[in-house]
Amino acid sequence: TPNATTEGLSALSPDRQFLTFMGYNADAGTTSLAGSTSASVNRTVAMFKADGTYSTVKFDVFSGQSPRGVVTNDGNNFWIVGAANGMRYGTSAGGTTTPLFTSLTAFRSVGIFNNEVYFTSSNTGTPVVRIGKVTGTLPTTSTTYTALPGTPTATIIPHSFVLLDSDNNGTPDLLYVGLDGGLQKYSYDSGTSTWIDRGLFATTALLKGITAYLPTGATKAYIYGLEGAGIGNKVVEIVDNAAPTAAISGTKTDLV
């Protein structure tokens, strides 16, 4: 939908073979898409593959609501979020979806790390959550979710996020979140089993669509994202010059 800053965020599969995002099965310029029924205007996954091909999958989901995000682990299974109706599971067959939970609304993004599904939301639910994890390993049936311990359950508006494994033990321990006000950093403390606030690198406009990498053996993390939500927005690089467990110390370069 034109001017919808919460739609169209892409997600990369863990094996980096599939890039996915959601839209509407409608002609460009069609109005009132978010208010349409999903039976008449299917909510549609677009999937770009590492071999240069792409495909689409149509779903009858989020009727009268906007689709927000989707991630796949293998090109056949999809975890889907929208403005309402909770998180859903679907397959490449399309059509209907299975609700994993329905209490949470106003999703922003979804991703898979270490075979677990994470998400961000700007609304309240039961329990309240802004940055959360779904219970179970790549669940396909009804389940629950929890807020990441130590992260805010209010006050922030999170967009996209990225998790990194700084010690290469297979478990994410470094978290960056794009907010309305910039890039937020957290590191995981295994002793207390909580995520520790490592500060905010402020930007002049909201930061979303972020991705990142941490070179093996390096102490710097490289984060890329979109700064701004309208005409004049930018693709930016933010380098966190601090160690994973230290307060963020960023430098930003406007790339595009």
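Guide: In this predicted model, contact means heavy atoms within 4.5 Å.

Visitor: On that basis, which residues does V117 touch, leaving out those up to four places away in sequence?

Guide: V117 touches W79, M87, V110, G111, I112, G132, K133, V134, L138 and P139.

Visitor: Which residues have the most contacts inside the largest nonpolar core?

Guide: They are W79, M87, F101, L104, F107, V117 and F119, in a core of 18 residues. At least two residues of this core come from each of strand 6 (77-82), strand 7 (87-91), strand 8 (98-101), strand 9 and strand 10 (116-121). Strand 9 contributes the most, with three residues.

Visitor: What other core lies apart from it?

Guide: Another core has 15 residues, including L164, I223, V236 and I238.

Visitor: Turning to pockets, how much space lies in the largest one?

Guide: The largest pocket holds about 980 Å³. Its lining comprises 39 residues, and F113, V162, L163, L164 and A212 lie nearest the centre.

Visitor: Which strand supplies the largest share of that lining?

Guide: Strand 9 does, with six residues. Strand 9 (107-113) is one of the strands that each supply at least two lining residues, as are strand 13 (158-164) and strand 17 (207-213).

Visitor: And how does the lining of the largest pocket divide by class?

Guide: There are 20 nonpolar, 15 polar and four charged residues.

Visitor: What about the second largest pocket: which residues lie nearest its centre?

Guide: Those are T1, P2, E7, Y24 and L33, from a lining of 16 residues. The volume of the second largest pocket is about 220 Å³, and its lining has seven nonpolar, seven polar and two charged residues.

Key:
Residues are numbered from 1 along each chain as its sequence is written. This is a predicted model: local features need pLDDT of at least 70, side-chain atom pairs count only at pLDDT 80 or more; totals for chains, interfaces and linings use all residues. Side-chain values use heavy atoms; hydrogens and water are left out. On a 1 Å grid over the protein atoms alone, a cavity is a set of points where a 1.4 Å probe fits but cannot get out, and a pocket is an open set with protein on both sides within 12 Å along at least five of seven lines; lining residues have an atom within 4 Å of a point. Grid points are joined across faces, edges and corners, and a volume is the space filled by probe spheres set on the points. Helices (H or I, at least four residues) and strands (E, at least two) are DSSP runs, numbered from the N terminus. Ala, Val, Leu, Ile, Met, Phe, Trp, Tyr, Cys and Pro count as nonpolar, Asp, Glu, Lys and Arg as charged, and the others, Gly among them, as polar. A nonpolar core is a set of buried Ala, Val, Leu, Ile, Met, Phe, Trp, Tyr and Cys residues joined through side-chain atoms within 4.5 Å. Buried means under 20% relative accessible area, exposed over 50%, partly exposed in between (1.4 Å probe, protein chains only).
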